[in-house]
Amino acid sequence: MPKSIDELQAIARRIRREIIIMIGAAKSGHPGGSLSAVEILVELYFNHMHIDPKNPTLLDRDRFILSKGHAAPVLYAVMAEAGYDQTPLDKLNTLRKLGSVYQGHPDMRYIPALEASTGSLGEGISLALGMGIAARLDGRKSRTYVMTGDGEIQEGQIWEAAMAGAFHKLDNVVAIVDNNRIQLDGFVKDIMAVDPLADKFRSFGWHTIELDGHDPLAVRAAFDEAQATKGKPTCLVAHTIKGKGVSFMENNPKFHGTAPTADEVKLALQELQ
Amino acid sequence: MPAKTKFEIKLGPATREAFGRALVELGHENKDVVVCDADLSHSTMTTYFAKEFPERFISLGIAEANMCAVGAGLALAGKIPFVSSFSAFAMNKGFEQLRCCVAYPHVNLKVVGTHSGISIGEDGPSQMSIEEIGLACSLAGFVVIAPADEASTKALVKAAAAYVGPVFTRTGRPKAAIVYGADQKFEIGKAIQVADGSDVTIIANGLLVAQSLLAADTLEGEGISARVIDMHTAKPIDRDAIARAAADTKAIVVAEEHLVDGGLGVRVAQVVAETTPCPMEFVGIQNTYAESGQPDELLEKYGLMARDVAAAVRKVVARKS
């Protein structure tokens, strides 16, 4: 039963609050790129992907890899809300603390339901290709979704993987670029410009879709189109806003990798009522 | 006591050739075995597997970083992937991916490097891997294997496939002297004593096992009785075999076709220091890169022949108190 857009938006609001609360409690972390990815992960985990949080080893499950591993808080909040036993909601505030399952970057030693450990940028698409090839060899319908940052695609390995994904015609792999236009040191255009992003992936042989990554209907339509695309992998270039939902974090490079203070947490939560 | 039979160099197939043949057998035994290659299948000998199982052979082009991470993805989805290239490229260009996508999450990937050491010959230093044992051993949780001949390579590649966890295996380009008979058993992490002796122990891997056996024969004529151990697994290292050798012979030489920095020698030395300290000497490549030439010329010039092992033995025996 597909979740209604209203339901998904309510979940997205809760997740934004959880992201702020957990990073505030941790006093370090990456709020901006977590907030920009919320709608996409919510659609994947609460509607689009074939998964069963109560059975994370389901053989023909779809898989998600957060290649931009520093956005771990959004993934933790989404998995906690989705009901994975390994990601308890009431422990989100242990983020980045010694012994917590909520490690600074996704770590499958602590959360085996994660499909990969990530954090070193540029590696997730390659991992997804391996999973896609395995699914095809096994005749499983399982699809693999991988989210990268737009700064992340400056890594050379991304383009090795882009070549390989098209060459092997992996139509069971979808890459999502969270195109929030900001990386640690500032605006992507000032650090190492990556535009025109969709053209680049298209020229590498991928089906590409540009969309508003905060519009739940557009996100749903894009994943449906990707699933209907045969013979090539799909790249979603999701135009997003870094820090989306919290006015003083939006489009502010400072909140790529800085935690909100206690006062900022209060302000942010008021905005996210 | 009867005189020992002298060891004679009888060349068998290269260890990379044995690896290629083992892959085909594995392909027949287990449908989950898949092979990734980076445009070197005719040199790494994964071409045998490619011919037999084209659908399970994944060509990834000259892009080793991607290959190592694709291999990790295959393993995470239940396959038993072998990724292969020259050691110099698989390990150096894939190192970051082997660290973050394989070692850290302890993924069941098998990495096989061919054309290791300086015995590749004419191609020269850019293709020669002389540091990958050190690099591989620095990846937490990796098993690191450097077999000496065809039989040991075949058996250990199969053992690597059966073992659950990341494994790096080092193979070479030239024909390798036959060390083992057909009935020899091999186990990951368990060294093999290929000659007994009481005055000194030579611990070696790869091509240096045969050279050490030759050296032992020479030394026998000089009244020095040398034990020779094939330490085919650099990690986890066989601590018992080392501690026993140190206690029994009270002098150790380590011989390898690798930089002495970070190689088998330092791993053995660590165990000796922790168990039964004794004098040690090290045969290996000394803080330099080699050059083009014929394999034998290079092994001679860079001090990796039986005579070099024998010289190190004489030195270490002289240091025994």
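Visitor: In which loop of chain B is B:Pro236 found?
Guide: This is a predicted model, and in it B:Lys235 and B:Pro236 are joined by a cis peptide bond with an omega of about -5°. The loop that holds B:Pro236 is the one between β12 (233-235) and α10 (239-249) of chain B.

Visitor: Which residue of chain A is joined to A:Pro196 by a cis peptide bond?
Guide: A:Pro196 sits in the loop of chain A that runs between α7 (188-191) and α8 (197-203). The cis peptide bond there has an omega of about -5°, and the residue it joins to A:Pro196 is A:Asp195.

Visitor: Is A:Lys169 buried or partly exposed?
Guide: A:Lys169 belongs to the loop between α6 and β3 (173-179) of chain A, and although it is not a glycine, its phi is positive, at about 55°. A residue needs 20 or more other C-beta atoms within 10 Å to be called buried and 12 or fewer to be called exposed. A:Lys169 has 15 C-beta neighbours inside 10 Å, and therefore it counts as partly exposed.

Visitor: How many C-beta neighbours inside 10 Å does A:Arg181 have?
Guide: A:Arg181 is placed in the loop between β3 and β4 (182-183) of chain A, and it too is a residue other than glycine with a positive phi, here of about 70°. It counts as partly exposed because the number of its C-beta neighbours inside 10 Å is 19.

Visitor: How many of the residues of helix α4 of chain A are buried?
Guide: Helix α4 of chain A covers residues 72-82, and its buried residues include A:Leu75, A:Tyr76, A:Met79 and the charged-side-chain residue A:Glu81. These buried residues pack against α1 (5-26), α2 (31-35), α3 (38-48) and β1 (63-66) of chain A. The helix is described as mostly covered, and the count of buried residues is 11 of 11.

Visitor: Which residue follows α4(A)?
Guide: The residue after α4(A) has a positive phi, near 100°, and it is A:Gly83.

Visitor: Which element gives the largest share of the side of chain A that touches chain B?
Guide: The contact between the chains involves 23 residues of chain A and 24 residues of chain B. On the chain A side, the elements that give two or more residues are α5 (124-138) and α6 (156-167), and by class this side has 13 nonpolar, six polar and four charged residues. The largest share, 10 residues, comes from α5(A).

Visitor: What distance separates the centres of the two domains of chain B?
Guide: Chain B is divided into domain 1, residues 12-177, and domain 2, residues 192-319. Taken over C-alpha atoms, the separation between the centres of domain 1 and domain 2 of chain B is 25 Å.

Visitor: How many nonpolar residues are on the side of domain 1 of chain B that touches domain 2 of chain B?
Guide: In chain B, 27 residues of domain 1 are in contact with 30 residues of domain 2. The elements that give two or more residues to the domain 1 side are α7 (132-137), β6 (143-145), α8 (150-162) and β8 (175-177) of chain B. Of the residues on that side, seven are polar, three are charged, and the number of nonpolar ones is 17.

Visitor: Which strands stand at the edges of the five-stranded open sheet of chain B?
Guide: The order of the strands in this sheet of chain B is β9-β11-β10-β13-β14, with mixed pairing. A strand at the edge has a single partner strand, so one side of it is left without a neighbour in the sheet, and the strands in that position are β9 (192-195) and β14 of chain B.

Visitor: In β11(B), which residue is the bridge partner of B:Gln193?
Guide: β9(B) and β11(B) run antiparallel and are joined by three bridges. The partner of B:Gln193 in β11(B) is B:Ile229.

Visitor: What angle does the direction of α13(B) make with that of β14(B)?
Guide: Helix α13 of chain B, residues 306-319, reaches 20 Å from its first C-alpha to its last, close to the 20 Å expected. Among its buried residues are B:Val309, B:Val313 and B:Val316, and what covers the buried residues of the helix includes α9 (208-221) of chain B. The helix packs on the sheet, touching β10, β11, β13 and β14 of chain B, and the angle between its direction and that of β14(B) is about 160°.

Conventions:
Residues are numbered from 1 along each chain as its sequence is written. Chains are lettered from A and ligands numbered from 1 in the order in which they are written. This is a predicted model: local features need pLDDT of at least 70, side-chain atom pairs count only at pLDDT 80 or more; totals for chains, interfaces and linings use all residues. Two residues are in contact if their C-beta atoms, placed from the backbone, lie within 7 Å. Helices (H or I, at least four residues) and strands (E, at least two) are DSSP runs, numbered from the N terminus. Domain bounds come from an automatic or database domain assignment. The expected span of a helix is 1.5 Å times one less than its number of residues. Two strands pair if DSSP finds at least two bridges between them. Axes are lines fitted to C-alpha atoms, for helices over the stretch in contact, and angles run from 0 to 180 degrees between N-to-C directions.
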